[in-house]
Amino acid sequence: MALCGFSLAPNPESVEVMHFNGNLLTRLIRPRCVQLSGKSCYSVGRRFLDVRCSLSKKAVSPMESEENASTSTSICAEEESGHVTRFKMTDFKVLDRVSIGLGGRADEVVFEAIVKDSSSPLYNTKVVLRQLTTAQAQRRGRRAMEVLKKLVRRRILYHSYSMQVYGYISSNTTGNHSSFTLVHGYHGSFSLRHWLQQSDWLPTLEATLALDEESVRKVGDDTIGGPEVSRQLRLIRILMRDLLIGVNYLHSHGLAHTELRLENVHISPVDRHIKVGILGNAADFYEDGPGGSALDSNMDRRKMMIAFDMRCVGFMMAKMVLRELMEPSTFAKFKSFLTKGNDPSCLREFLLQIMTKNFPSGNLGLQILDRNWGAGWNLLSLLLATRPSKRISCLDALRHPFLCGPRWRVVPSMDIIRWGLGSTAVRITEEYIYRQPQRDRLSHFIELMEMLNPHSRPKNWLELLPGNWRLLYSTGRHIGLTLRQPPVRVLIGNAHLTITKASNVGTSMSFTCEIGFTVVTGKEWPHNKIGINGKLQANSLFKLKAGRRLYLKEERTPGRFSLNQSNSEDSVLEKLSSRKWRRTVPFKEFPSSLPVAKLIAGDSDLAMSLDDPLAQNVDAASQVIQEIRTQVPPEMFDLSKLVCGTYIDSRMLVLRGVNGSALLFTRYLRK
């Protein structure tokens with residue numbers, strides 16, 4: 001945002017602009033013909049004193065400058081009406097400063113002014129004069145007035161969620177050039193981006209929005225204050241709901257915003273609503289009207305434009321929650337992840353590698369998205385879905401559990417239930433405290449996920465299975481280093497399973513398991529984990545076929561207790577019969593069998609690599625292999641023991657071994 005000085009006579013048509021800050025552009029706007037290129041000129045008389053204006057840091061391209069010089073801009077002679085008013089420059093008193101949040105483009109000059117015409121209904125009202133200096137910019141200004149006429153039928157919503165356009169100033173100057181200035185409302189000093197960049201943004205925004213118990217009830221909450229995570233979540237719900245209502249208002253009138261960014265959104269301290277800009281680039285869904293001949297193409301255009309707006313809303317939500325994305329370099333990594341075609345449902349696994357480096361005690365944004373069974377990650381993935389047809393609409397987003405407070409009853413869809421089960425299981429595994437209650441909960445969640453598996457056919461598995469998967473948990477044995485005295489101490493790192501198609505035709509899949517480990521050689525191994533690195537790799541070929549997993553029902557004899565009787569199924573049945581699950585789960589009783597993807601193993605091979613000096617010691621290598629076999633689930637050491645896949649979606653995978661134990665994986669994206 002550049003501040004610059006110019007004439008005391010507040011006339012944007014005959015203004016010279018001289019920058020005086022070393023960080024800003026050194027260009028002049030000469031009288032009558034605005035030039036945004038060339039060397040600076042400092043011939044400013046004494047009468048050019050202390051009025052200021054705003055320019056962007058970007059320069060206009062030479063082609064656009066030539067178009068501005070050669071194109072004759074015709075401003076339609078529009079008389080004053082109830083919607084748009086033609087003002088004169090003498091109607092305003094130009095102020096000597098411009099708020100930082102009003103920074104415009106390279107082809108705009110921004111002024112703040114107060115209406116001094118006593119006969120105007122805007123008398124003594126602060127407004128913004130946005131002088132549009134090129135033909136393209138002037139088209140945006142006229143478009144903003146056209147949009148106003150479309151939205152005027154619901155004026156209350158227009159005033160609440162859009163930056164109100166009052167009118168324009170237009171006058172012919174020398175040659176073919178015309179001056180055009182848009183007059184629109186002033187809604188505070190900061191854009192939403194500037195708000196979020198303040199060090200004390202949270203209490204300041206809470207004060208600006210005047211959050212009290214009455215206002216937070218609008219998002220289903222009945223409390224104020226509390227921990228910082230709760231306060232941020234409450235504020236994000238208010239901002240996101242207001243933003244979605246404003247965008248839905250445009251979509252319901254056949255318009256797409258196309259420029260939703262934090263820089264274009266303002267918060268009015270008067271009515272405490274989000275303003276979604278002056279709508280100068282708003283586009284119509286229907287090129288030849290809603291009843292045009294090309295109905296199918298119009299519907300496709302409408303869906304694509306709505307999907308584009310929702311993707312922009314997703315970027316805004318990501319920056320509001322994860323403030324680290326305000327940094328251009330971090331946001332570039334975030335956007336690159338999406339543009340490469342990666343599934344947004346794996347965003348958490350990707351962002352954990354970035355966000356937790358500088359925040360060892362935990363990141364507030366990650367905690368917000370993890371709340372309510374990971375509902376925030378689900379909404380973010382729906383807003384940023386790779387396929388435009390899969391992106392969520394404004395109305396569905398407003399009903400999403402992440403944006404609904406605890407006082408609102410939300411009936412979750414089956415997809416959200418599956419998402420919540422997987423997210424909660426991941427969070428439990430990250431605690432790394434596998435006491436019996438945690439182990440029982442993980443077993444219950446895995447059983448429920450298997451019963452709600454959305455992809456039971458092998459052809460679905462052929463599409464979703466290829467990729468890199470990271471082992472999170474096994475319901476089998478858990479043996480570590482703490483309570484044992486092994487001959488060689490081996491610290492297991494990540495265990496990855498890479499699955500690729502063996503051929504383009506058929507159902508053959510290649511499974512490759514890579515287990516990283518460290519052989520700790522020092523005596524102070526509990527405190528110093530430095531040692532010799534190594535890698536174990538197992539390969540095997542599998543064929544996928546349709547199959548079923550049978551659940552054997554044992555007859556219970558009264559008064560007898562069986563040590564082999566598992567209470568896992570009883571716990572799952574108890575959950576399914578509860579009031580919470582009865583309406584959503586399609587099973588009233590535990591099924592006798594479930595469809596699975598049967599894995600038929602082929603040949604397997606095993607290889608291990610060790611760094612020096614253990615690489616030459618055969619006895620030490622055999623001890624290392626034996627210790628790895630002790631700690632690692634047997635299905636990862638010997639892939640032929642995997643017998644079926646029981647659950648898969650875009651981010652989670654459950655495989656079952658020959659002994660009945662379940663292996664839980666999450667999709668892993670290599671750097």
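Predicted model: local features only at pLDDT ≥ 70, side-chain atom pairs only at ≥ 80, totals over all residues.
1. Staying with helix 7, how many of its residues are buried? The count is 20 of the 24, so helix 7 is largely enclosed by the rest of the structure.

2. Next, the empty space inside. Rolling a probe the size of a water molecule over the atoms shows where such space is left. Searching the whole structure turns up three cavities of 30 Å³ or more. The largest cavity holds about 190 Å³. Its lining is made up of 18 residues, and those nearest its centre are Arg348, Glu349, Val426, Arg651 and Thr666. Two or more lining residues come from each of helix 10 (347–355), helix 11 (364–383), helix 13 (414–431) and strand 21 (662–667). Helix 13 is the biggest contributor, giving five residues.

3. Two backbone angles deserve a look. Most residues other than glycine have a negative phi. Arg272, not a glycine, has a positive phi of about 60 degrees. Arg272 sits in the loop between strand 11 (266–267) and strand 12 (274–275), and its relative accessibility of 36% makes it partly exposed. Trp373 is not a glycine either, yet its phi is positive, at about 65 degrees. Trp373 belongs to helix 11, and with a relative accessible area of 35% it is partly exposed.

4. On to charge pairs. Side chains of opposite charge can pair when their charged atoms come close. The structure contains 21 salt bridges. In one of them, Glu108 pairs with Arg130, with 2.8 Å between the closest N and O atoms. This pair joins distant parts of the chain, as Glu108 is in strand 6 (residues 108–115) and Arg130 in strand 7 (residues 126–132), 22 residues apart. Are these two partners buried or exposed? Glu108 is buried, at 5% relative accessibility, and Arg130 is buried too, at 9%. Both also take part in a network of salt bridges that links Asp107, Glu108, Arg130 and Arg140.

5. Two further salt bridges are worth a glance. Lys275 pairs with Asp271, the closest N and O atoms being 2.7 Å apart. Lys275 is buried, with 0% relative accessibility, whereas Asp271 is partly exposed at 30%. Arg97 and Asp96 also form a salt bridge, at 3.4 Å from N to O. Here Arg97 is partly exposed, with 48% relative accessibility, and Asp96 is partly exposed as well, with 31%.

6. Last, the cysteines. How many disulfides does the structure hold? The number is zero. Cys346 has a relative accessible area of 3%, so it counts as buried. Cys394 is likewise buried, at 3% relative accessibility. Both values fall under the 20% cut-off for a buried residue.

Terms used. Residues numbered from 1 in each chain as written. Heavy atoms only, no water. Disulfide = S-S within 2.5 Å. Buried < 20%, exposed > 50% of the residue type's maximum accessible area, 1.4 Å probe, protein only. 1 Å grid on protein atoms, 1.4 Å probe; cavity = no way out; pocket = protein on both sides within 12 Å on 5 of 7 lines; lining within 4 Å. Points joined across faces, edges and corners; volume = space filled by probe spheres on them. Helix = DSSP H or I, 4+ residues; strand = E, 2+ residues; numbered from the N terminus. Salt bridge = Lys/Arg side-chain N within 4 Å of Asp/Glu carboxyl O.
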